[in-house]
Amino acid sequence: MNPPTERGGWWHEYVCPAHGVELAHVGFDSGNFPAGGVPCSYGCRVDTPAVRGAWTVLAHHFWARRIRLLSYDGGGAELLTSYARLYSDLTKAGEHEQAQGWMQRGRLFHQALTDAVWGVPIAHSILNLAGRAELGETLPMLDDMVAGARRARDAMVAQDKFSSNYTAWFNALGTTASQAAAAVRGEVWSGEKEWLTGEHGQFAHVEAATGEDGWEWEASTYYHGFVLRAYLLSLRGFDPSLVPDRLEKMIAALASIATDGGILPALHDGPYLRVPLALEWLEIVALARQFTPSHGLDAVAARALAEVGEGYDGLEDKLTNWFNGPPRTVSPHPTLSSSYAVIRTSGIQAILDHGPHGGSHGHHDKLALYLYGATTPWQPDPGQVPYGHAQWRAHYKSVTAHPTIRIDNLEPAEATGELTQDEDSVTATIDGWYDGVRATRQLIAGDNYLVDVVRVAADREREIVLQFRPDVELTVEVGPEAIRTTWTGDETLHGYHVSGDAVPVVRPGPGPADDPQRVRTWLDWTVVGAAATYCSVYSTAAVDVQLAGDVITVDGREHRIGGL
């Protein structure tokens with residue numbers, strides 16, 4: 001039962017090359033790579049240098065979490081001192097020579113970012129146990145962490161990448177490691193200006209990396225939480241009232257997309273389902289509860305706890321009295337999201353993607369419509385596989401994987417839509433994504449239904465496809481006046497669809513990114529022409545739908561859709 005004794009690689013290589021699934025989390029507590037290779041859920045055994053390096057990353061992170069858990073009960077000091085000796089030995093050669101060219105090189109791992117994510121819990125553990133004489137052995141490691149965080153942050157600033165999610169973690173490491181070093185030395189911490197309140201500290205970063213609506217600029221649920229977690233971990237012992245309002249808006253942004261049953265849609269890059277991520281959500285919610293009473297994330301924590309299952313260790317329950325001051329009492333005013341429109345009506349939650357692409361973590365999913373029940377992902381964002389699998393990563397980034405519009409089977413350019421809204425509807429408009437093509441998607445919320453109207457206008461005859469991408473059983477029935485769909489999960493969704501001469505093409509396709517081998521029923525609603533209008537009505541119970549000309553009537557309420 002020991003930590004690994006080698007430097008780690010890049011955890012995103014921890015993926016089966018055949019099936020695209022993340023490999024099994026086995027053998028971490030032994031510190032020894034599994035004999036015969038790491039299993040995948042389809043029976044493969046994978047043993048490559050890249051997978052060994054990724055396994056080593058995850059094993060080191062496993063031990064950092066274990067030590068942190070022990071430290072809250074007064075244990076782990078011996079492990080920390082032995083780790084400090086190991087760290088000194090493994091990093092004496094300097095930067096990791098096997099890092100890929102695009103990476104900011106780390107010392108213990110390929111990436112400096114991985115060094116930071118591992119180092120923060122190690123530094124917190126030392127801070128928890130400060131006062132023990134033997135922890136003097138950890139000072140060379142802590143000082144090296146601080147110097148590495150400073151060097152890495154300076155590099156991001158020099159490259160005009162200050163707003164990167166990396167910077168949040170470099171600041172988090174600089175904060176926690178310098179606090180731990182000061183505590184071990186018996187000194188008062190003096191790093192607040194450098195790491196929190198100064199020109200390139202966390203408070204400057206939260207303003208640079210998020211919008212007025214609170215969304216981290218990449219508009220990825222995962223990276224939003226990744227950065228938020230770094231901020232919250234940095235604020236141990238800090239007064240919440242002195243923190244920029246933007247942090248509370250970040251918490252509100254997460255709550256705004258969560259379903260009543262606690263599903264956090266995996267918007268843009270990020271795992272669709274992953275136990276280590278569920279553990280991180282538990283930690284984020286535990287700290288958010290202490291930061292603001294209006295966090296709105298209790299259902300997220302409950303669902304994350306259910307996802308963790310046997311992997312639960314209760315770490316978040318140890319994170320008490322985190323801040324030096326009471327929770328914030330004044331919540332910032334809600335702001336219309338520049339990334340996503342969220343519509344809720346009678347058991348349906350719809351998310352319309354209209355905002356900026358999101359850089360390298362963005363997907364080609366402008367005007368995508370994601371549909372959720374409280375606990376059912378009827379038509380979810382499929383998320384992303386570990387990045388080490390180039391082929392499946394390209395698929396989940398592509399337009400084909402998302403419930404949006406595809407033109408001539410081409411990938412669109414990066415683009416941002418324009419959102420308008422009135423009392424009961426929102427409309428997103430986009431052009432410039434496909435040459436010569438303009439499209440709008442309007443969502444209208446009825447009392448017990450949702451109307452979805454998609455209009456596409458092109459400069460010439462094109463193949464125009466509106467895609468449906470379920471993660472539940474989908475049945476499709478073509479009738480004389482409409483197509484009817486049934487989406488069957490924990491909750492059932494009914495769809496009524498009309499679109500002139502559009503042809504519904506049903507075919508098998510991959511499910512979400514946690515398992516690309518899970519086959520789902522895809523529907524491609526296809527028009528060949530210079531224009532197309534598609535209208536869908538969704539409900540969780542029976543509704544009366546009538547079509548007359550370009551007017552669709554739902555339970556007696558008329559909606560003019562045009563163009564059919």
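A: The crossing of H3 and H4 is left-handed, a term for a near helix turned anticlockwise from the far one by less than a right angle (right-handed if clockwise). Helices (H or I, at least four residues) and strands (E, at least two) are DSSP runs numbered from the N terminus. The model is predicted, so local features need pLDDT of at least 70 and side-chain atom pairs 80 or more, while totals for chains, interfaces and linings use all residues. Residues are numbered from 1 along each chain as its sequence is written, and side-chain values use heavy atoms, without hydrogens and water.

Q: At what angle do H3 and H4 pack?

A: Axes are lines fitted to C-alpha atoms, for helices over the stretch in contact, with angles from 0 to 180 degrees between N-to-C directions. H3 (residues 112–128) and H4 (residues 139–158) pack at about 140°, their axes 11 Å apart. H3 and H4 are therefore oblique to each other; under 35 degrees counts as roughly parallel, over 145 as roughly antiparallel, 65 to 115 as roughly perpendicular and the rest as oblique.

Q: Which residues make that contact?

A: Contact means heavy atoms within 4.5 Å. On H3 the contact is made by Ala112, Trp118, Gly119, Ile122, Ala123 and Ile126, and on H4 by Met141, Leu142, Met145 and Ala152. By class, this contact has 9 nonpolar, 1 polar and no charged residues (nonpolar: Ala, Val, Leu, Ile, Met, Phe, Trp, Tyr, Cys and Pro; charged: Asp, Glu, Lys and Arg; polar: the others, Gly among them).

Q: How do H10 and H11 cross?

A: The axes of H10 (residues 275–291) and H11 (residues 298–308) come within 9 Å and cross at roughly 150°. H10 and H11 are therefore roughly antiparallel, and their crossing is left-handed. The contact includes Trp281 and Arg289 of H10 and Asp298 and Glu307 of H11. By class, it has 11 nonpolar, no polar and 3 charged residues.

Q: What does Glu13 touch?

A: Glu13 is found in the segment before strand S1 (38–39). Leaving out residues up to four places away in sequence, Glu13 touches Ala50, Val51, Ala54, Gln100 and Gly388.
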